[in-house]
Amino acid sequence: MATSNTRTSEKSAESGAPFTEKTVTAAHEAIDRLSERVAKTEERMRGAAAHGQESWSEKQDEVRAQLEGSVAGARTYAQENPLMAAGIAFAAGVVVANLLRR
């Protein structure tokens, strides 16, 4: 009876081998396709990140230029109108102090 079970196992292994090979081949092909898709997606993501970084740098430069222009304008105004600048600074201080008390 032991030989009968061994022969049955061998026959099922032999008949199952083509199915196993097909399954393994299909799995390898699926993994290869997935790998290609992931590589393409990674490439697109890296491109988008690089573009975003360039865009961010450009925006930072624009904001920095606007800020420098505003500071220069405020400095010029303060030099031309020192009493008015002092009054504005005092009023702003009073408003901030009142807001912080509440």
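Which residues form a nonpolar patch on the surface? The legends below take up this question and others, using a predicted model.

**View 1. Tyr-77, Met-84 and Ile-88 make up a nonpolar surface patch.** Together, these three residues have about 300 Å² of accessible area. Ile-88 sits in helix 2, which spans residues 82-101. Its relative accessible area is 47%. Ile-88 therefore counts as partly exposed, since that class lies between 20% and 50%.

**View 2. Glu-42 and Arg-46 are joined by a salt bridge.** Their closest N and O atoms are 2.8 Å apart. Both residues belong to helix 1, which runs over residues 2-80. They are four residues apart, about one turn of the helix. Arg-46 reaches 57%, so it is exposed, the cut-off being over 50%.

**View 3. Arg-64 and Asp-61 form a salt bridge.** Here the closest N and O atoms lie 3.3 Å apart. Helix 1 holds both Arg-64 and Asp-61. The spacing is three residues, about one turn of the helix. Arg-64 is partly exposed, at 45% relative accessibility. Asp-61 is partly exposed too, at 47%. How many salt bridges does a search of the whole structure find? The search finds two.

**View 4. Residues 4-14 have a pLDDT below 50.** For the protein chain, the average pLDDT is 85. A score of at least 70 is reached by 84% of the residues. Over residues 4-14, by contrast, the pLDDT is below 50. Beyond near neighbours in sequence, this stretch has zero contacts in the model. Where pLDDT is low, the predicted coordinates should not be read in detail.

**View 5. The protein chain has two helices and zero strands.** Helix 1 covers residues 2-80, and helix 2 covers residues 82-101. What share of the 102 residues is buried? The answer is 0%. Buried here means under 20% relative accessible area. The accessible surface of the protein chain comes to about 9300 Å². Carbon and sulfur atoms account for 61% of that surface.

Definitions and conventions:
Residues numbered from 1 in each chain as written. Predicted model: local features only at pLDDT ≥ 70, side-chain atom pairs only at ≥ 80, totals over all residues. Heavy atoms only, no water. Salt bridge = Lys/Arg side-chain N within 4 Å of Asp/Glu carboxyl O. Buried < 20%, exposed > 50% of the residue type's maximum accessible area, 1.4 Å probe, protein only. pLDDT = per-residue confidence, 0-100. Contact = heavy atoms within 4.5 Å. Patch = residues over 30% accessible without salt bridge, like charges linked within 9 Å, V, L, I, M, F, W, Y side chains within 5 Å. Areas by Shrake-Rupley, 256 points an atom, 1.4 Å probe, with all protein chains shown as cover.
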